[in-house]
Amino acid sequence: MPSTPLCTTWPKELDRATDPTNYQRRREVLRSWSLSSEIWNEIITRLRPVPGPVRPNLDDRVRQEASAFVWAYVTGGEPLFAPRHVEAEQPPEVRPVWRERRADTWFQLSRPDALNHYTALRRLLCQHGDALIEKIEPGTSMPIR
């Protein structure tokens, strides 16, 4: 992960926190979570169309990595430890191909100089993550920048 926060002003918010965040509770709550197809479609339909003939890939493999991104954002955990429920539903021959592409998608979602499409997707994923935080621990969501 890059050294700069991706979604919020984490260091300042942590300095001001009066109650410690229970990341273990967040991981327990999200143990069987992933972005549903319905939520994923809601998120990606909010993205602006990309000009030109090349369209970004927004299939279930990207939904899996977006789920890992949100999971890492909410839990403070490493995306490698995120549940992989979407991937687990795939045929056995597909899983290794998905595994090989994980780093590519994570790189696009986390790089500070991401293309506009990934910047917008990251912002929407962080907003969804903040909504999950509010559901898990009301009153603890951090502002999005």
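## Overall fold

The protein has seven helices and zero strands, where helices (H or I, at least four residues) and strands (E, at least two) are DSSP runs numbered from the N terminus. This is a predicted model, in which local features need pLDDT of at least 70 and side-chain atom pairs count only at pLDDT 80 or more, while totals for chains, interfaces and linings use all residues. Residues are numbered from 1 along each chain as its sequence is written, and side-chain values use heavy atoms, with hydrogens and water left out.

Of the 145 residues of the protein, 41% count as buried, a word that stands for under 20% relative accessible area (1.4 Å probe, protein chains only). Among contacts (heavy atoms within 4.5 Å) between residues at least 6 apart in sequence, 68% join residues at least 24 apart.

In soluble globular proteins, nonpolar side chains tend to be buried together. Here the largest nonpolar core has 29 residues, and those with the most contacts inside it are Trp33, Leu35, Trp40, Val74, Leu121 and Leu125. Helices α3 (37–45), α4, α6 and α7 each supply at least two residues of this core. Such a core is a set of buried Ala, Val, Leu, Ile, Met, Phe, Trp, Tyr and Cys residues joined through side-chain atoms within 4.5 Å.

When residues up to four places away in sequence are not counted, Trp40 touches Leu35, Leu58, Asp59, Val62, Arg63, Ala66, Leu121 and Leu125.

## An aromatic pair

The structure holds one aromatic pair. The rings of Phe69 and Trp106 have their centres 5.2 Å apart and their planes at 50 degrees, so the pair is tilted; rings of Phe, Tyr and Trp (its six-membered ring) pair if their centres lie within 6.5 Å, and planes under 30 degrees apart count as stacked, over 60 as edge-to-face and the rest as tilted. Because Phe69 lies in helix α4 (residues 60–75) and Trp106 in helix α6 (residues 95–110), the pair ties together parts that are 37 residues apart in sequence. Both Phe69 and Trp106 are buried.

## His117

His117 has its place in helix α7 (residues 116–136), and this residue is buried, with a relative accessible area of 12%. Leaving aside neighbours within four places in sequence, His117 is in contact with Leu47, Val50, Pro56 and Leu58.

Note on methods:
Buried < 20%, exposed > 50% of the residue type's maximum accessible area, 1.4 Å probe, protein only.
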